[in-house]
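Please keep the sequence and the structure in view.

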Amino acid sequence: MWQQSSDSHVREVFRRVIRILSDSEDGHLAALQFTLFLRHITPAKPDESSTILGQPVNAAPQPIGTALIVSAPSCDSFTIAENVAAALAARNCVELALFEHPAPDVAALIRALQHVLPEGVFTVLSERTGWGGRGPDTAIIILTPDRALLNDRPWVSSRPKSSQQAMVSFYSR
């Protein structure tokens, strides 16, 4: 699945998404986000390991599983595209919850991702499709105009104006 795909495969998927978005009249903003996050894709088989109390421990970031991204109505398309790209770069499946009709640039992003990504990696949830999640490995992320909040008990908040690497780390365990 997505989390176990080779690094080259994930990079190629990002490149295909970028090409489709770049060719779309409304996709340029999302294409820029995916271009920025292309350099920050989490490796499939992290090499970072260490020993704690005599036990081997994998110290590299791991995907959170499924990121259910819930966007506040006041969030702009830039914030939505940035968080979707970061979550996918961290090798998560993404469910995007929409409470209203998406703006044209978000609609272009949705079309591109649904066209390129393997089934089950990206899903849009709405009143029409239903709100069902994937289960216990689903992390809920609430997007506001200036930060993202992750239900990691206690809630974890991203910093405003975070770097791409910090955002990928936000979507990792």
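Which element gives the most to the lining of the largest cavity? The answer is α4, with 3 residues. This is a predicted model, where local features need pLDDT of at least 70, side-chain atom pairs count only at pLDDT 80 or more, and totals for chains, interfaces and linings use all residues. Residues are numbered from 1 along each chain as its sequence is written, and side-chain values use heavy atoms, with hydrogens and water left out.

**Cavity**
- The structure holds 1 cavity of 30 Å³ or more (on a 1 Å grid over the protein atoms alone, a set of points where a 1.4 Å probe fits but cannot get out; lining residues have an atom within 4 Å of a point).
- The volume of the largest cavity is about 40 Å³ (the space filled by probe spheres set on the points, which are joined across faces, edges and corners).
- Leu29, Ala30, Ser77, Ala81, Asp105, Val106 and Leu109 line the largest cavity.
- Two or more lining residues come from each of α2 (28–38), α3 (77–89) and α4 (104–116) (helices are DSSP runs of H or I, at least four residues, numbered from the N terminus).

**Helix pair**
- The axes of α3 and α4 come within 9 Å and cross at roughly 20° (axes are lines fitted to C-alpha atoms over the stretch in contact; angles run from 0 to 180 degrees between N-to-C directions).
- That makes α3 roughly parallel to α4 (angles under 35 degrees).
- From α3, Ser77, Ile80, Ala81, Val84 and Leu88 meet Asp105, Val106, Leu109 and Leu113 of α4 (contact means heavy atoms within 4.5 Å).

Key
On a 1 Å grid over the protein atoms alone, a cavity is a set of points where a 1.4 Å probe fits but cannot get out, and a pocket is an open set with protein on both sides within 12 Å along at least five of seven lines; lining residues have an atom within 4 Å of a point. Angles under 35 degrees count as roughly parallel, over 145 as roughly antiparallel, 65 to 115 as roughly perpendicular and the rest as oblique.
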